[in-house]
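Here is a short briefing to read with the model open beside you. Please have a look at the structure, and then follow the topics below in any order you like.

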Amino acid sequence: MLKTRNFKNLIVAILLWVVAMFFLLSSLEKVHAKEAENIDTEVSGTSGLEAIGGGYAASGQLLSVGYAAQIYDVSNGLPTSEANCVLGSNEGYIWIGTYSGIFCYDGTTFEKINYCEGLTSGRGFYQDSKGRIWVGTNDNGVVLMTGTDMVWITYKDGLPSSSIRVFSEDNEGNTYIGTTAGLCYADSDNIIHIVDDPRINDERILSLHNDSSGTVYGQTKNGVIFSIKDKKIDKCYESSELGLDYRITGLLTDPYHDGYVYLGTERSKLYYGRFGDSTDAMKQINIAPISTVHWLNYDCGRVWVSSSSQIGYLD
């Protein structure tokens, strides 16, 4: 009887353990589901699978997730210590543009891309809707990379300058190229067309961004901002025409509202509103201690604001 009783007790114990584990696992699933809901809410509708990376952690959008910063230079693999531009491509590679050439980082090693004589330096990157990567060089025009194939576009092909800074794209597949001496675009056959307008022909184009309607917006070093529709300058304003006695130094389109932009300035102020409105009619955002905005970009569900020495984000 004792052996039987012990056996029965063992069976009961096993059943109780199974039931307990079932409820425990069910509770854990509910907790994980709740945490996933919280993460989704925190990243403004972005799913937990997409909300991966230091940008989400640095901006406080991932609960209980930290981040680490790593500097790469000649001491730990990068063949040079200067970087003019960086691109995180759709394929997961990091592209670095320097005065010494173009480097590709796969997470382990840096590889110099030197199978085209046009890749002498890097001042701007852009990955278009077809997945192609456009490289703007400092003195050698544009190199378009498609896999292992490259197209080299120079002043001989119609570029207004060999020194390139920024790119953007409209809904027709035209790629706009901002140079140090005006603006042009490459059509689907990579033929160059000048966007001829005396208000920007001699301007150094520093920002180009498009909205979902296909309108492209730009900003120059001298604080001129403009919009492009049907491959022509549609509207163009100097900073003073918008009520400012200092320069506009950065521009970014609102990814959710066509026609609305963020404008960075030489002061600790950022303006947000409809393109072309007076700054008095736009929302003013204090970005101190950052002053003199150098770059604006939208990543990880946030607007990031950069000067030459500091970076922050809008919550």
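W304 is buried, at a relative accessible area of 11%; here buried means under 20%, exposed means over 50% and partly exposed is in between, computed with a 1.4 Å probe on protein chains only. This is a predicted model, in which local features need pLDDT of at least 70 and side-chain atom pairs count only at pLDDT 80 or more, while totals for chains, interfaces and linings use all residues. Residues are numbered from 1 along each chain as its sequence is written, and side-chain values use heavy atoms, with hydrogens and water left out.

**Aromatic rings**

- A pair of aromatic rings is described by the distance of the centres and the angle of the planes.
- Rings of Phe, Tyr and Trp (the six-membered ring of Trp) pair if their centres lie within 6.5 Å; planes under 30 degrees apart count as stacked, over 60 as edge-to-face and the rest as tilted.
- The count by this rule is 11 aromatic pairs.
- One of them is Y176 with Y185: the centres are 5.4 Å apart and the planes stand at 45 degrees, so this pair is tilted.
- Both Y176 and Y185 are buried.
- W304 and Y313 make another tilted pair, with 5.4 Å from centre to centre and 50 degrees between the planes.
- In that pair W304 is buried, whereas Y313 is partly exposed at 35% relative accessible area.
- Y72, Y105 and F110 come together in one aromatic cluster.

- Helices (H or I, at least four residues) and strands (E, at least two) are DSSP runs, numbered from the N terminus.
- Strand 21 covers residues 295-299 and includes N297.
- Strand 21 runs antiparallel to strand 22 (residues 302-306), and five bridges join them; two strands pair if DSSP finds at least two bridges between them.
- Within this pairing, L296 stands opposite V305 of strand 22.
- The hairpin of strand 21 and strand 22 has two residues between the strands, and C300 takes a positive phi near 55 degrees there.
- The side chains of N297 and D299 are joined by a polar contact of 2.6 Å. A polar contact is a pair of N or O atoms within 3.5 Å; within protein, one must be able to donate a hydrogen and the other to accept it, and residues adjacent in sequence count only if both atoms are side-chain atoms.
- Setting aside neighbours within four places in sequence, N297 is in contact with L252, R302, V303 and W304, where contact means heavy atoms within 4.5 Å.

**Salt bridges**

- A salt bridge is a side-chain nitrogen of Lys or Arg within 4 Å of a carboxyl oxygen of Asp or Glu, and the count by this rule is four.
- E172 and K231 form one of them, with their closest N and O atoms 3.2 Å apart. This pair links distant parts of the chain, 59 residues apart: E172 is in the loop between strand 9 (164-169) and strand 10 (175-179), and K231 is in the loop between strand 15 (225-229) and strand 16 (232-237).
- E172 is exposed at 54% relative accessible area, while K231 is partly exposed at 28%.
- D197 and R199 meet through their side chains at 2.9 Å, N to O; D197 is buried at 10% and R199 is partly exposed at 42%.
- R247 pairs with E266, the closest N and O atoms being 3.1 Å apart. R247 is in the loop between strand 16 and strand 17 (248-253), and E266 is in the loop between strand 18 (260-265) and strand 19 (269-274), 19 residues apart.
- R247 is partly exposed at 31%, and E266 is partly exposed at 23%.

- An open sheet of four strands has the order 1-2-3-4 and antiparallel pairing. The edge strands, each pairing on one side only, are strand 1 (85-88) and strand 4 (110-113).
- Strand 1 and strand 2 (residues 94-98) run antiparallel, joined by four bridges, and C85 stands opposite G97 in strand 2.

**T137 in its loop**

- Where is T137? T137 lies in the loop between strand 6 (133-136) and strand 7 (142-146), and T137 is buried at 0% relative accessible area.
- The side chain of T137 reaches the backbone nitrogen of N140 at 2.7 Å.
- Beyond its neighbours within four places in sequence, T137 has contacts that include G118, R123, S162 and R165.
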